[in-house]
Amino acid sequence: MKPAVSRIVTQAITSPARRKLVRAAAGVGRKLRGEPPVVDYFHQADDPYSHLAAQLAGPLAARYGVTLRAWIAPPPDDAAAPERARLAAYALRDAARLAAEYDLEFPDRAAQPDPAAVALAQRVLVAASRSRGFSEVAADIGRALWRGDERALTTWAPVAAEPDEVATAVAVGAAERARRGHYLGAMFHFEGEWFWGVDRLNHLEARLAAMGLDSTPEAPPLAPYRDLQLPMAPANAAPAVIEMWFSFRSPYSWLAMPRVRRLARHYGARPMVMRGLPVPPIKSRYIVLDAKREADRCGLPFGRIVDPVGAGAERALAVLHHAVPLGLGGDFAELGLQAAWADGIALAEVAGLRDVAHRAGLTDAQVASALADDSWRQAAEANRAALFEAGLWGAPTYRVNGGPAHWGQDRLWALEEDIVRAQAGQPGLRAMAASNAG
């Protein structure tokens, strides 16, 4: 798509006016029929995030007076989860920290459950999906599954569906999820809009509350948004080094970059190690719409997009490779991401790339020298190898002082906690876990 066309189309797709219109249109049929609002929930039995979401699904339905319609869904296919083993390992660790943050249940030392246990859990969940008590059953089943409590799990066997019923139900759930345009578990869908797990439930709550459905508007949300705290940084703090992996093709990298740099400045974290990554795939239109919601909440511009696929990302990485040793890497990375995802500037075009480079403090000669140098490819591959060694694979990812890495722009609260711990000389969460295990 040509840059001029891309800017117009993406700005229209992500505009608040369109979102408002789509929301209004989606509810017309329900209102005409006089039906109550229905939230569809797609649950994956062996997904830690689904276990967390299930614990809030019942309270959500009760507080906002919506009908919860449950679907049992399979794991995403390989195209949507290219590093499945890393995703599974990270999800266990991330879910435990997320549960602690939201006062939910997830074992600190959970392991991926046995396939036979997952199969039994699916049979129970399929049977429960036909009743109004799904969320309570799902929470109980998840508790037994992730604790490895086979005895508790087998007590549900008498009410479990037959295996052939499960195969049919999972296939139907997968088809319905795909028809609506998604691929993950722990997904809530309401009248044309998707909300992923605990992290995006606050958007769904805000939408339901705006419809006048909140029965306790004076109470805090079930899953409030976790923002940066930025208290006064301590004097004589221990050193904290932030390491960040990002991609010019990742809209979430744009949402994270200025805020991570703000954290670094606020806490005096130096140096901030920038690790540009090779081009990743962008899976769906959902990502762009979700990123727009998050950008609005963060107060960042978003929506005039010229995806730097191919040459755009490669040229930007080449210039970044030369900007970093000049101390201009952070400025160029942030401005380049903003150019692609908010300003509609084509990084594949010389004029666009030079514009960004000039604003970052680079000269035309430096840009030309960077574009003539292919060594950025080795640096980008080395960065990807370092990311794999950290146990992750996608952008944006960050960690403090070589500790546990976090993935996603919605984990900046965890990054900030790690910075505070490091500066206070406290052990990181990995060291604490090892100590507790001993």
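First, some housekeeping. We are looking at a predicted model, where local features need pLDDT of at least 70 and side-chain atom pairs count only at pLDDT 80 or more, while totals for chains, interfaces and linings use all residues. Residues are numbered from 1 along each chain as its sequence is written, and side-chain values use heavy atoms, with hydrogens and water left out.

Let's start with the sheet. It is open, with four strands in the order β2-β1-β3-β4 and mixed pairing. Strands here are DSSP runs of E with at least two residues, helices are runs of H or I with at least four, and both are numbered from the N terminus. Two strands pair if DSSP finds at least two bridges between them. Which strands sit at the edges? Those are β2, residues 67-72, and β4, residues 193-196, each pairing on one side only. From one strand to the next, the twist averages 25 degrees. Angles run from 0 to 180 degrees between N-to-C directions, using axes fitted to C-alpha atoms, for helices over the stretch in contact.

Now zoom in on β3, residues 187-190. Four bridges join β3 to β4, and the two run antiparallel. Within that pairing, F190 stands opposite E193 of β4.

Next, the helices. Helix α10, residues 197-210, packs on the sheet and touches β1 (38-43), β3 and β4; contact means heavy atoms within 4.5 Å. The direction of α10 makes about 135 degrees with that of β4. Helix α12, residues 285-298, lies across β3 and β4, at about 75 degrees to β4.

On to the backbone. Most residues other than glycine have a negative phi, and most peptide bonds are trans. So which residues here have a positive phi without being glycine? One is A186, with a phi of about 60 degrees, in the loop between α9 (163-180) and β3. Is A186 buried or exposed? A186 counts as buried because its relative accessibility is 0%. Buried means under 20% relative accessible area, exposed over 50%, and partly exposed in between, with a 1.4 Å probe and protein chains only.

Another is N401, with phi near 50 degrees, in the loop between β7 and β8 (406-407). N401 has a relative accessible area of 44%, so N401 is partly exposed.

Last stop: the peptide bond from A395 to P396 is cis, with omega near 0 degrees. P396 lies in the loop between α17 (376-389) and β7 (397-400).
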